[in-house]
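Work through these exercises with the model open beside you. Try each task before you read its solution.

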Amino acid sequence: MPVSRKAAVIGETIVSCILLVIMSFMLTTQGVLHTNSISGNTLAPPLFGGFLLKDVMLLGVSLWIISRSGSEIIHSHH
């Protein structure tokens, strides 16, 4: 449980924005996702792409914290 729900929402909103900018590199950087000749036509992330894929999970956690803390803020005002 965060010390301050408002601080959690503000902080995680900033984190989410940063992660979205970082993940935009997956779409704009050549070679991040490539077709691996061993596994056929499956997209296989190389080391750099795999490094960025962890940001997808972190974004999900960040959005979950925002929604959880935000709903607690809203419910505490009623």
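**Exercise 1.** Is Arg68 buried, partly exposed or exposed?

*Solution.* This is a predicted model. Start with the value: Arg68 has 45% relative accessibility. Next, apply the cut-offs: buried means under 20%, exposed means over 50%, and partly exposed lies in between. Arg68 therefore counts as partly exposed.

**Exercise 2.** Find the salt-bridge partner of Arg68, and explain how the two residues are placed along their helix.

*Solution.* Step one: look for a carboxyl oxygen within 4 Å of a side-chain nitrogen. Arg68 forms a salt bridge with Glu72, and their closest N and O atoms are 3.6 Å apart. Step two: count along helix α2. Glu72 and Arg68 are four residues apart there, so about one helical turn separates them.

**Exercise 3.** How many salt bridges does the structure hold? Work out also whether Lys54 and Asp55 are buried or partly exposed.

*Solution.* The structure holds three salt bridges. One of them joins the side chains of Lys54 and Asp55, at 2.7 Å from N to O. Take each end in turn. Lys54 has 35% relative accessibility, so Lys54 is partly exposed. Asp55 has a relative accessible area of 2%, so Asp55 is buried.

**Exercise 4.** Which residues make the nonpolar surface patch of about 290 Å²?

*Solution.* The patch is made by Ile10, Ile14 and Ile18. Pick out Ile14, which lies in helix α1. Ile14 has 49% relative accessibility, so Ile14 counts as partly exposed.

**Exercise 5.** Which backbone oxygen lies 2.5 Å from a polar atom of the Ser24 side chain?

*Solution.* First, locate Ser24: this residue is in helix α1 (residues 5-28). Then follow its side chain. A polar atom there lies 2.5 Å from the backbone oxygen of Val21. Ser24 counts as partly exposed because its relative accessibility is 30%.

Notes
Residues are numbered from 1 along each chain as its sequence is written. This is a predicted model: local features need pLDDT of at least 70, side-chain atom pairs count only at pLDDT 80 or more; totals for chains, interfaces and linings use all residues. Side-chain values use heavy atoms; hydrogens and water are left out. Buried means under 20% relative accessible area, exposed over 50%, partly exposed in between (1.4 Å probe, protein chains only). A polar contact is a pair of N or O atoms within 3.5 Å; within protein, one must be able to donate a hydrogen and the other to accept it, and residues adjacent in sequence count only if both atoms are side-chain atoms. Patches are made of residues with over 30% relative accessible area and no salt bridge: like charges are joined within 9 Å, nonpolar side chains (Val, Leu, Ile, Met, Phe, Trp, Tyr) within 5 Å. Accessible areas come from the Shrake-Rupley method with a 1.4 Å probe; for residues, only the protein chains shown count as cover.
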